[in-house]
Amino acid sequence: MNFFQPLLLTLVSTATLTATACNGPASSTSAPVSESATAAAAMAPAASVTPVADAADSAARPAPEPAAAATATVAPAAPAPAVAGAAKRATPATSAAAATPVPASPTAAVAAAPAAFNHGTFDRLLKKYVNGQGRVNYKGFKSEEKAFNDYLAQLSKNPPAAADSKAEQMAFWINAYNAYTIRLILDNYPLKSIKDIGEPWKKVFFSIGGEKMSLDNIEHGILRKKFNDPRIHFALVCASISCPPLRPEAYSAARLSTQLDDQARDFLNNPGKNKISAASAQLSSYFDWYKDDWNQNGQSVVKWVNKYSKTKIDANTKIGFMDYNWNLNEQ
């Protein structure tokens, strides 16, 4: 019987060397076995071959795993004399389950979509320090300057990606324009008008995504140039009385179109911003300054006014433009 012991150990050693360390088939044609099978075989009595087959069967049965994990089906045991067959029953999948749990494949996990930028802090501050007429409590913003600056820092570090939706990008840049306008006022507060600051819209005083920028860069270089939606003129607020009222909430991708339409209705039906009758209309200077925007894509100033104004005008309506009040939009 001592003749079989060296032969047995040689067979087991060969199987051990060809087994894989993780998941995946072995490079050798010999089928791998688990470490537990090797250990059990080494401890088997030399006078008997049957314990080796039993050990291989034991290795072929995977160790207990959580209920959610998939378990391998174990092949029936081979006849005791077939030592090589016993080793082959420990298939790569079975050995991996018995020895080391197979890590989840990265491709199996669904990639999480990047979270939208959170304008929550700005939304809270606007609700707290902007009244129903769109007038701003700049002293209130000043009192929470740290929270406001933290929000601006996040804006600076997280520009929208090209893959983001149009609404997500527009909401980001409108909020950025209004927030940095407030920051500009606070940097020069107290003052009577934004025009007391030399060339405020061309002033490069912040950066977004590592690019130094001005308010003009956002309005003309991004929003007007890229998105082609004249409704932005109802949302961008230049800190002046004749501007559209600052909305007491942040813009969001989910509600952007509704918010812009609401801003347009509020602006055009406010007699302090536009005085409209069927015979004559004194409109905001915005309709003069940005006439190219209003007249593109088959639209016109008359069509835009009639879309939102309760009082309708037509080609016979005499249209003029109101003087612009640059005084600060302060409460």
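What is the volume of the second largest pocket?

## The second largest pocket

The volume of the second largest pocket comes to about 260 Å³. Some 23 residues line this pocket, and Ile 241, Cys 243, Asn 270, Gly 272 and Lys 273 are the ones closest to its centre. Sorted by type, its lining has eight nonpolar, 11 polar and four charged residues. Here Ala, Val, Leu, Ile, Met, Phe, Trp, Tyr, Cys and Pro count as nonpolar, Asp, Glu, Lys and Arg as charged, and the others, Gly among them, as polar.

Now for the terms. On a 1 Å grid over the protein atoms alone, a pocket is an open set of points with protein on both sides within 12 Å along at least five of seven lines, while a cavity is a set where a 1.4 Å probe fits but cannot get out; lining residues have an atom within 4 Å of a point. Points are joined across faces, edges and corners, and a volume is the space filled by probe spheres set on them.

## About the model

This is a predicted model, where local features need pLDDT of at least 70 and side-chain atom pairs count only at pLDDT 80 or more, while totals for chains, interfaces and linings use all residues. Residues are numbered from 1 along each chain as its sequence is written, and side-chain values use heavy atoms, with hydrogens and water left out.

Helices (H or I, at least four residues) and strands (E, at least two) are DSSP runs, numbered from the N terminus.

## Helices that cross

H9 also packs against H8, at an angle of about 135° and with the axes 11 Å apart. That angle makes H8 oblique to H9, and the crossing is left-handed. Helix H8 (residues 145-157) meets helix H6 (residues 120-129) too: their axes come within 9 Å and cross at roughly 140°. So H6 is oblique to H8, and H6 passes H8 in a left-handed crossing.

Axes are lines fitted to C-alpha atoms (for helices, over the stretch in contact), and angles run from 0 to 180 degrees between N-to-C directions. Angles under 35 degrees count as roughly parallel, over 145 as roughly antiparallel, 65 to 115 as roughly perpendicular and the rest as oblique. A crossing is left-handed if the near helix is turned anticlockwise from the far one by less than a right angle, and right-handed if clockwise.

Three strands make an open sheet with mixed pairing, in the order S3-S4-S5. Strands S3 (275-276) and S5 (318-321) are at the edges with a single partner strand each, so one side of each has no neighbour in the sheet. Strand S4 (residues 280-283) runs parallel to S5, joined by four bridges; two strands pair if DSSP finds at least two bridges between them. Ser 280 stands opposite Lys 318 in S5.

In the loop between H9 and strand S1 (206-208) sits Pro 190, and the peptide bond from Tyr 189 to Pro 190 is cis, with omega near 0°. Asn 228 lies in the loop between helix H10 (215-227) and helix H11 (256-268); although not a glycine, Asn 228 has a positive phi of about 55°.
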